Amino acid sequence: MSEESDSLRTSPSVASLSENELPLPPPEPPGYVCSLTEDLVTKAREELQEKPEWRLRDVQALRDMVRKEYPYLSTSLDDAFLLRFLRARKFDYDRALQLLVNYHGCRRNWPEVFNNLRPSALKDVLNSGFLTVLPHTDPRGCHVLCIRPDRWIPSNYPITENIRAIYLTLEKLIQSEETQVNGIVILADYKGVSLSKASHFGPFIAKKVIGILQDGFPIRIKAVHIVNEPRIFKGIFAIIKPFLKEKIANRPSKEYPPQGVWGHSWRAGHRHLECGAAGIRG
């Protein structure tokens with residue numbers, strides 16, 4: 001008898017295997033299900049050029065560009081993940097692709113900030129009150145991210161831990177499709193900030209943080225508000241200004257700093273932030 005016959009006789013056929021023994025096909029990735037309300041769908045269409053009927057086509061186009069132009073980029077290609085970058089760049093494929101590449105590049109190039117970026121590794125910062133997401137959104141639906149540098153004690157941990165907490169919070173916020181469309185507002189309360197504490201935020205840190213927020217993270221920052229600014233604020237802004245995009249840093253304005261960043265006391269606070277500001281006035 002031939003070896004082929006022996007092989008056929010001793011090897012069980014697929015048909016003879018029980019159902020439980022059959023190899024299971026790999027699970028398909030979960031399909032995207034839009035969680036936006038009708039109002040937010042309309043807002044995304046008007047402000048972000050997002051068309052629901054073309055949404056998955058646009059995601060596939062970005063996915064194909066990643067595979068073709070950056071085949072070795074280690075990134076998620078899920079619909080929901082790629083949508084963050086499309087929305088942040090108003091569905092401009094090229095700009096969304098560059099943002100995705102920058103996002104991963106920033107994480108590789110600043111490992112002391114992005115490695116082990118988990119709540120359990122940042123308990124001290126998260127419990128300090130340095131960073132708070134106010135309980136109410138503003139009237140535009142933006143979450144308000146409040147930063148209070150006076151709650152940071154430099155001898156306890158370096159400034160990079162604060163930055164880690166900020167990015168961890170942004171990663172959590174951007175998971176919401178509502179936030180992807182509405183964006184966020186940053187509210188920085190500089191009450192009690194001294195020159196010695198401000199000196200920790202030098203040009204090196206400023207360049208990296210602002211660079212990531214402007215060009216390396218898929219979130220829409222709709223406004224930055226500065227309250228209780230100290231006399232040294234002009235010096236702080238002088239450090240930041242060289243790294244701001246020209247349309248923000250050099251926008252004509254009669255007030256200092258330029259539009260896009262507002263300084264004011266609590267008494268002169270903006271009405272649209274009153275809903276959440278009470279939570280940090282103490």
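L36 lies in the loop between helix 1 (3-10) and helix 2 (38-48), where helices are DSSP runs of H or I of at least four residues and strands are runs of E of at least two, both numbered from the N terminus. This is a predicted model, in which local features need pLDDT of at least 70 and side-chain atom pairs count only at pLDDT 80 or more, while totals for chains, interfaces and linings use all residues. Residues are numbered from 1 along each chain as its sequence is written, and side-chain values use heavy atoms, with hydrogens and water left out.

L36 counts as buried because its relative accessibility is 12%; buried means under 20% relative accessible area, exposed over 50%, and partly exposed in between, with a 1.4 Å probe and protein chains only. Leaving aside residues up to four places away in sequence, L36 touches V41, E50, R87, E177, E178 and V181, a contact being heavy atoms within 4.5 Å. S176 is 140 residues from L36 in sequence, yet their C-alpha atoms are 9.4 Å apart in space.

For the chain, the secondary structure comes to 14 helices and five strands, and buried residues make up 43% of its 282 residues. Among contacts between residues at least 6 apart in sequence, 74% join residues at least 24 apart.

The helix packing comes next. Two packed helices are described by the angle between their axes and the distance between the axes. Helix 3 (residues 55-69) and helix 4 pack at an angle of about 90°, with their axes 10 Å apart, the axes being lines fitted to C-alpha atoms over the stretch in contact and the angles running from 0 to 180 degrees between N-to-C directions. That angle makes helix 3 roughly perpendicular to helix 4, on a scale where angles under 35 degrees count as roughly parallel, over 145 as roughly antiparallel, 65 to 115 as roughly perpendicular and the rest as oblique. R55, L56, D58, V59, L62 and R63 of helix 3 meet D79, L82, L83, L86 and R87 of helix 4 in this contact.

Helix 4 (residues 79-88) also packs with helix 5 (residues 93-109), at an angle of about 120° and with the axes 8 Å apart, which means that helix 4 is oblique to helix 5. Here the contact is made by F81, L82, F85, L86 and A88 of helix 4 together with Y93, A96, L99, L100, Y103 and H104 of helix 5.
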